[in-house]
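Please read this briefing with the sequence and the model side by side. The points below are grouped by topic.

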Amino acid sequence: MTEKIVAYLVGERKQKPEAAEKIALPVSRHDDIRRELEAWIDTRAFPKAGALTIEGYTAEAIFKLAPFMDGVGVYNFLVTLRERPDNAKAIIASGFARK
């Protein structure tokens, strides 16, 4: 399920297991997004051919717009694009303004 994602968050991002599970939860709801994130964890590269596209955006496109995000952030943002597209598009339009 999300073991690889949780292991990445705990091992590399030094998250506590409970926090890692919460961070991994959104992508676990979408098998296609989870699979592509797991591939990113293995390769640290966003796919070119056959990349998942949501509302016109791929993970690589989101990363180019928000290079401060790692793969987990990018793929969690793809979840936002899928589940709340208007909200996500407003974030993109703001240039990913951070408070």
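**Leu37 and its surroundings**

Leaving aside its neighbours within four places in sequence, Leu37 is in contact (heavy atoms within 4.5 Å) with Ile5, Val27, Gly71, Val72 and Tyr75. This is a predicted model, in which local features need pLDDT of at least 70 and side-chain atom pairs count only at pLDDT 80 or more, while totals for chains, interfaces and linings use all residues. Residues are numbered from 1 along each chain as its sequence is written, and side-chain values use heavy atoms, with hydrogens and water left out.

- Leu37 is found in helix 3, where helices (H or I, at least four residues) are DSSP runs numbered from the N terminus.
- With a relative accessibility of 0%, Leu37 counts as buried, on a scale in which buried means under 20% relative accessible area, exposed over 50% and partly exposed in between (1.4 Å probe, protein chains only).
- Although Leu37 and Tyr75 are 38 residues apart along the chain, their C-alpha atoms are separated by 6.3 Å.

**The largest nonpolar core**

- A nonpolar core is a set of buried Ala, Val, Leu, Ile, Met, Phe, Trp, Tyr and Cys residues joined through side-chain atoms within 4.5 Å.
- The largest such core has 28 residues, and those that touch the most other members are Ile33, Leu37, Ile62, Tyr75, Phe77, Leu78 and Leu81.
- At least two residues of this core are supplied by each of helix 1 (3-11), helix 2 (17-28), helix 3 (31-43), helix 4 (59-65), helix 5 (71-83) and helix 6 (85-93), and the largest share, seven residues, comes from helix 5.

**Helix 5 against helix 6**

- The axes of helix 5 and helix 6 come within 5 Å and cross at roughly 125 degrees; axes are lines fitted to C-alpha atoms, for helices over the stretch in contact, and angles run from 0 to 180 degrees between N-to-C directions.
- Helix 5 and helix 6 are therefore oblique to each other, since angles under 35 degrees count as roughly parallel, over 145 as roughly antiparallel, 65 to 115 as roughly perpendicular and the rest as oblique.
- On the helix 5 side, Phe77, Thr80, Leu81, Arg82 and Glu83 meet Pro85, Asn87, Ala88, Lys89, Ile91 and Ile92 of helix 6.
- The residues of this contact divide into six nonpolar, two polar and three charged, where Ala, Val, Leu, Ile, Met, Phe, Trp, Tyr, Cys and Pro count as nonpolar, Asp, Glu, Lys and Arg as charged, and the others, Gly among them, as polar.
- Thr80, found in helix 5, counts as buried at 14% relative accessibility, and beyond its neighbours within four places in sequence Thr80 is in contact with Pro85, Asn87 and Ala88.

**Aromatic pairs**

- A search of the whole structure finds six aromatic pairs; rings of Phe, Tyr and Trp (its six-membered ring) pair if their centres lie within 6.5 Å, with planes under 30 degrees apart counted as stacked, over 60 as edge-to-face and the rest as tilted.
- Tyr8 and Trp40 form an edge-to-face pair, with 5.7 Å from centre to centre and 90 degrees between the planes.
- Because Tyr8 lies in helix 1 and Trp40 in helix 3, this pair ties together parts that are 32 residues apart in sequence, and both Tyr8 and Trp40 are buried.
- The rings of Phe46 and Tyr75 have their centres 6.1 Å apart and their planes at 40 degrees, so this pair is tilted.
- That pair links distant parts of the chain, 29 residues apart, with Phe46 in the loop between helix 3 and helix 4 and Tyr75 in helix 5.
- Phe46 counts as buried at 14% relative accessibility, and Tyr75 is buried with a relative accessible area of 0%.
- Tyr8, Trp40, Phe46, Phe63 and Tyr75 form one aromatic cluster.

**Positive phi and a buried loop residue**

- Most residues other than glycine have a negative phi.
- Lys14, which is not a glycine, has a positive phi of about 60 degrees; Lys14 is found in the loop between helix 1 and helix 2 and counts as exposed at 66% relative accessibility.
- Phe96 also has a positive phi, near 60 degrees, but Phe96 lies in the segment after helix 6 and counts as buried at 6% relative accessibility.
- Ile54, in the loop between helix 3 and helix 4, is buried with a relative accessible area of 6% and touches Ile33, Leu78, Leu81 and Arg82, not counting residues up to four places away in sequence.
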